[in-house]
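User: I am new to this structure and would like to learn how to read it. Please take me through some of its features one at a time.

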Amino acid sequence: MNEEIINSVRDIISDIRTDGDSAVIRYLKKFDGVSFKSAKDFKVSEKQISDASKKVSPDLKKAIKSSYANVLAFHKKEYANIKKQWFDDDGIKNIGQLYRPIESVGIYVPGGRFSYPSSVIMNAVAAKTAGVKRIVMMTPPKKMTNEVLFAAKLCGINEIYTIGGAVAIAALAYGTKTVKPVNMIVGPGNAYVNEAKRLVFGKVGIDSLAGPSEVAIIADAGADKEYVYYDLMAQVEHDTMAKAYLLCGSKETIKHIKKNFDKEKIKQVKIFNVDTDKAIDMVNDIAPEHLELLLKNAKKYVPKIYNAGAIFVGYNTATAVGDYWAGPSHVLPTNASAKYSSGLSVMTFLKRSSYIELKKVSPEVKKNIADFAAAEGLINHKKSIEVRKI
């Protein structure tokens, strides 16, 4: 990580912790060129949300609502299949697990080159479905678009602030007079946002430290060359850091890509002329955020995939289907973290507690516990079980 970024973010967090709202106002002017007279000005009113929502075109409203409906349906099904609690009572002890939602969550919606109403839906719907009571949304002032506010309204979010970058993360983690702190922060962002999330982790939970977006495409000779071309182009248009891998058994397809791809953007694409079996081995090592299987009988290869944030199966399934419409959240592990972590879901917003109830116990079990404690030198642990008349 760039030392300049680390030091800058440390200073921002320190200032927010010390000066609260006044520091937020200073940074909004410095970074965004927005002058607020008071902290009340950076909170978005319900009227602003309502007015902005009315300005979204009917066609885009329909598209956003369709996305919302699919994501909601997916997470409702996910939630229904989670065993929220279970107990095993054998008469001597009753043990089990309890799942409870995180009480408050901050959602960061990035600005950057574009506006991202999809980020609102892909984070908020899972949180709402899990039962999170308070959801706070933050996004840079100049990216607080009508579409973003409409998506927020659709998701039932009414606590929204025009605060961006590391300033937003610090305010969510430590709170100000205007912004009450949250228990968890989710949502992607630039290097400053990522560093801020890293530094506040421990004070609050975070979803992940997201790296540049990435896709791996395994394609055979049957895959339409234009499908492959535009799926790769879609990936590298995110930004100059976005990564793409093409693992392809067709020399003709590879030739087509190299011939037609932008000379600068092709530098972001790593191309391998390999057969499908070799490609799968390579993909399990790459552990991409998105994996497209543009293969004949693609389903049969899915059991061989162990490391991928999301798997897009068959010639028709572009990554964009998952980005906007299919149902599962598009917030996925990057930088090979799919080897040990999963994408955002209802489970992201649920925490698990063990349930332990000792009803009665034999002298033998009581002695076992006491002996174990004594062996570790924890005498009062030993006594704490011995004094009980059970």
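Analyst: We start with a loop residue. Isoleucine 266 lies in the loop between H10 and strand S10 (269–273). Helices (H or I, at least four residues) and strands (E, at least two) are DSSP runs, numbered from the N terminus. This is a predicted model: local features need pLDDT of at least 70, side-chain atom pairs count only at pLDDT 80 or more, and totals for chains, interfaces and linings use all residues. Residues are numbered from 1 along each chain as its sequence is written, and side-chain values use heavy atoms, with hydrogens and water left out.

User: Is isoleucine 266 buried, exposed or partly exposed, and which residues does it touch?

Analyst: Buried means under 20% relative accessible area, exposed over 50%, and partly exposed in between (1.4 Å probe, protein chains only). Isoleucine 266 has a relative accessible area of 22%, so it is partly exposed. Not counting residues up to four places away in sequence, isoleucine 266 touches Ile257, Phe261 and Ile271. Contact means heavy atoms within 4.5 Å.

User: How do I read two packed helices?

Analyst: Two packed helices are described by the angle between their axes and the distance between the axes. Axes are lines fitted to C-alpha atoms, for helices over the stretch in contact, and angles run from 0 to 180 degrees between N-to-C directions. Take helix H1 (residues 3–19) and helix H7 (residues 165–174): their axes come within 9 Å and cross at roughly 45°. That makes H1 oblique to H7. Angles under 35 degrees count as roughly parallel, over 145 as roughly antiparallel, 65 to 115 as roughly perpendicular and the rest as oblique.

User: Which residues of H1 and H7 make the contact?

Analyst: From H1 come Val9, Ile12, Ile13, Ile16 and Arg17, and from H7 come Ala166, Val167, Ala170, Ala171 and Tyr174. They divide into nine nonpolar, no polar and one charged. Here Ala, Val, Leu, Ile, Met, Phe, Trp, Tyr, Cys and Pro count as nonpolar, Asp, Glu, Lys and Arg as charged, and the others, Gly among them, as polar.

User: How many residues of H7 are buried, and what covers them?

Analyst: Nine of the 10 residues of H7 are buried, so H7 is largely enclosed by the rest of the structure. The cover includes H1, helix H2 (21–32), strand S3 (104–108) and helix H8 (191–200). Glycine 175 follows H7 and has a positive phi, near 75°.

User: What do the axes of H9 and H10 do?

Analyst: The axes of helix H9 (residues 225–236) and helix H10 (residues 251–260) come within 10 Å and cross at roughly 45°. H9 and H10 are therefore oblique to each other. Lys225, Glu226, Val228, Tyr229 and Leu232 in H9 meet Glu252, Thr253, His256, Ile257 and Asn260 in H10. This contact divides into four nonpolar, three polar and three charged residues.

User: Which residues other than glycine have a positive phi?

Analyst: Alanine 287 is one of them, with phi of about 50°. Alanine 287 sits in the loop between helix H11 (276–286) and strand S11 (290–294), and is buried at 0% relative accessible area. Asparagine 297 is another, with phi near 55°. Asparagine 297 is in the loop between S11 and strand S12 (310–313), and counts as exposed at 51% relative accessibility.

User: How many disulfides are there?

Analyst: A disulfide is a covalent bond between the sulfur atoms of two cysteines. A search of the whole structure finds zero, using a cut-off of 2.5 Å between cysteine sulfur atoms. Cysteine 155 is buried at 5% relative accessible area, and cysteine 248 is buried at 0%.
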